[in-house]
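Subject: Handing over a structure, with notes

Dear colleague,

Please look through the model first and then compare it with what follows.

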Amino acid sequence: MTQTHIFDVVIIGAGGAGLMAALYASRTARTAVLSKLYPIRSHTGAAQGGIGAALGNVEEDHWEWHAFDTVKGSDYLGDQDAIDFMCQEAVQSVYDLEHLGLPFSRMSDGRIAQRPFGGHTNNLTGKPVRRSCYAADRTGHMILQTLFQQCIKNQTLFFDEFQVLDLLIENGRAAGVVAVEIATSELHVFQAKAVIFATGGHGRVWEITSNAYSYTGDGVALTLRRGIPAEDMEFFQFHPTGIYKLGILITEAVRGEGGILLNNDGERFMERYAPHIKDLASRDVISRSMYLEMKAGKGINGQRYMLLDVRPETVNKYAELDGRTRPDGTPYRVTDQEILNKIPDITDFCITYLGIDPVKQPIPVQPTAHYAMGGIPTNKMGEVVIDDQGTVLPGLYAAGECACVSVHGANRLGTNSLVDLIVFGKHAGIRAAEYAAGVDFQPLPSDPTGPARQQIEKLSVGSGKEKAITIGREMKAVMFDHVGVFRTAEGLHAAIEKVRELRERFQQVRVSDSGKIFNTELLNTWELGNMLDLAWVTALAAEARTESRGGHAREDFPQRDDARWLKHSLAWFDGQSVRLSYKPVTITHYIPQERVY
């Protein structure tokens with residue numbers, strides 16, 4: 001028998017955005033959080049480097065500088081009103097986290113410590129500025145711990161290991177969700193006045209990724225199937241420093257602390273591509289630079305990777321050449337112990353997975369699929385927008401990586417993922433609770449679990465000729481090869497046709513496990529269906545955009561084309577075809593210009 005639960009606000013996802021939304025919604029509304037993971041295992045915990053906020057604790061900084069860097073980082077595709085809002089709110093949001101108990105790293109006078117990050121600059125001089133607020137290299141982990149404890153204090157109800165399968169919409173309003181309890185395979189209906197999606201990204205679509213196993217794009221796939229468009233799906237960020245072949249992220253903070261990228265000739269190649277801020281250029285710029293070096297035969301030992309060197313002798317050598325100083329004006333020099341103190345987890349990763357001690361040996365790195373700039377369209381209050389006119393679907397909200405505000409545009413600035421989730425998670429929670437206080441519950445459909453049940457049953461009727469694991473591997477390979485750092489019309493067409501074929505073959509997959517208790521085969525197969533849909537939408541949107549901008553780099557269209565393409569894409573998906581349309585970018589006072597570092 002299906003169980004029905006009734007709440008004012010239901011939040012799907014217990015990462016940073018979901019917990020931030022829950023913290024604020026639960027202050028005035030009866031709130032539930034559904035997560036397919038235990039909350040503190042959410043992928044926010046993997047965020048290492050910090051939160052960007054113009055506190056100005058170490059040196060002069062202003063939120064307007066942060067906003068300009070974000071606009072520039074977005075390759076001028078970010079909506080500037082939302083960016084201004086985020087950068088203004090970031091400062092107080094960091095102090096709010098501090099007051100909630102987050103153990104930030106400190107300066108000697110007790111203030112929150114800050115360090116440089118890629119693309120963050122003093123707008124007057126163009127030099128790197130210390131803006132990232134951090135807790136060693138465990139910032140995301142500390143956010144999860146802090147917010148989860150505060151939500152428990154607020155008596156938020158958590159439904160852990162519940163996979164949401166369907167969104168309920170009645171009379172043009174959100175009415176709740178349907179979820180399967182992983183431990184029992186029982187379907188549950190969660191009736192709600194307001195629903196917030198905070199389900200994270202979809203990096204598992206690609207072969208080499210920094211993303212957790214759970215990052216399968218569930219929220220965007222679910223809303224697409226309910227007639228809600230996905231925005232800017234062609235833009236996906238490849239972080240330049242993932243561990244070679246594994247994708248495990250080496251945080252940008254390593255370069256912030258003085259780490260240098262080297263090619264096979266021992267050359268600091270970023271001096272050629274970003275002469276002003278070199279190894280602290282924006283992520284898309286560095287990823288493309290690495291691929292160009294490898295294409296020129298300068299990968300390490302002819303392979304597709306570079307070296308990230310954070311050995312003190314290297315850091316000190318280039319700090320002297322760059323004239324880098326400490327906040328007190330003394331020359332910047334580091335010791336082995338200082339490096340270990342600032343990146344303890346990274347050191348453990350390198351020793352565990354590579355057998356390399358990073359203070360003694362360079363780290364092999366390659367670009368890795370990292371972050372979705374596109375997702376569910378929202379405004380800056382987290383309300384889901386369903387067309388190019390700004391029309392809101394009442395009662396439906398999204399925040400974090402699954403949402404597209406858009407503050408990241410074509411390329412996200414480092415540290416802004418955590419800024420995004422604390423700012424927009426907060427406001428989505430506040431707005432959802434306010435909305436819930438003023439409306440009645442929408443009636444449920446006559447058979448609310450019907451579509452979800454059909455999805456599950458469909459996975460048991462295939463011929464069994466195809467294996468989900470085989471289809472998944474082929475999808476990841478073709479997406480990494482053809483919808484990766486560099487793209488061409490020929491490669492994109494091949495990817496579209498391949499994903500189309502894989503989607504057809506997916507219909508013949510049959511789940512062999514008929515058990516009810518923790519049927520992970522069933523859930524993994526369902527998630528593969530989500531990823532295939534998103535891969536198809538991504539490749540089609542990328543094929544249509546005949547320019548290079550941010551994370552979307554076309555070898556056959558190498559220039560940015562503001563005259564034709566200074567606009568957001570919107571993709572509608574009916575299960576059989578994708579329809580694309582476009583809407584303008586909001587530009588206030590940052591006029592698009594050439595993007596150089």
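Which side chain is joined to that of Arg283 by a polar contact of 3.1 Å? In this predicted model, the partner is the side chain of Gln237. According to UniProt, in an unreviewed entry, Arg283 is listed under "active site", and the residue is placed in helix α8, which covers residues 283–295. Because its relative accessibility is 5%, which falls under the 20% limit, Arg283 counts as buried. Leaving aside neighbours within four places in sequence, the residues in contact with Arg283 include Phe117, the run Gln237, Phe238, His239 and Pro240, and also Glu252, His370, Asn411 and Arg412.

Turning to the domains, the protein is divided into domain 1 (3–235 + 373–438), domain 2 (241–367) and domain 3 (449–550). The C-alpha centres of domain 1 and domain 3 are 25 Å apart, and 38 residues of domain 1 are in contact with 36 residues of domain 3. Between these two domains an area of about 3200 Å² is buried, with carbon and sulfur atoms giving 64% of it. On the domain 1 side, Val205, Trp206 and Glu234 lose the most area to domain 3, and together they account for 21% of what that side buries.

Three salt bridges are found across the interface of domain 1 and domain 3, and Glu234 forms a salt bridge with Arg545, in which the closest N and O atoms are 2.7 Å apart. The side of domain 1 that touches domain 3 draws at least two residues from each of β7 (162–170), β8 (173–181), β9 (186–197) and α5 (218–225), and α5 supplies the largest share, six residues.

Finally, a word on helix α2 (residues 63–73): nine of its 11 residues are buried, so the helix is largely enclosed by the rest of the structure. Among the buried residues of α2 are Trp65, His66, Phe68, Asp69 and Lys72, and what covers the buried residues includes β3 (51–52), α3 (80–100), β4 (114–121), β5 (128–133) and α12 (416–437). Just after α2, Asp75 takes a positive phi of about 55°.

With best wishes

How values were computed. Residues numbered from 1 in each chain as written. Predicted model: local features only at pLDDT ≥ 70, side-chain atom pairs only at ≥ 80, totals over all residues. Heavy atoms only, no water. UniProt positions renumbered as here; feature names shortened; annotations may be inferred. Helix = DSSP H or I, 4+ residues; strand = E, 2+ residues; numbered from the N terminus. Buried < 20%, exposed > 50% of the residue type's maximum accessible area, 1.4 Å probe, protein only. Contact = heavy atoms within 4.5 Å. Polar contact = N/O pair within 3.5 Å; in protein donor to acceptor, adjacent residues only side chain to side chain. Domains from an automatic or database assignment. Buried area = accessible area lost by both parts, 1.4 Å probe. Salt bridge = Lys/Arg side-chain N within 4 Å of Asp/Glu carboxyl O.
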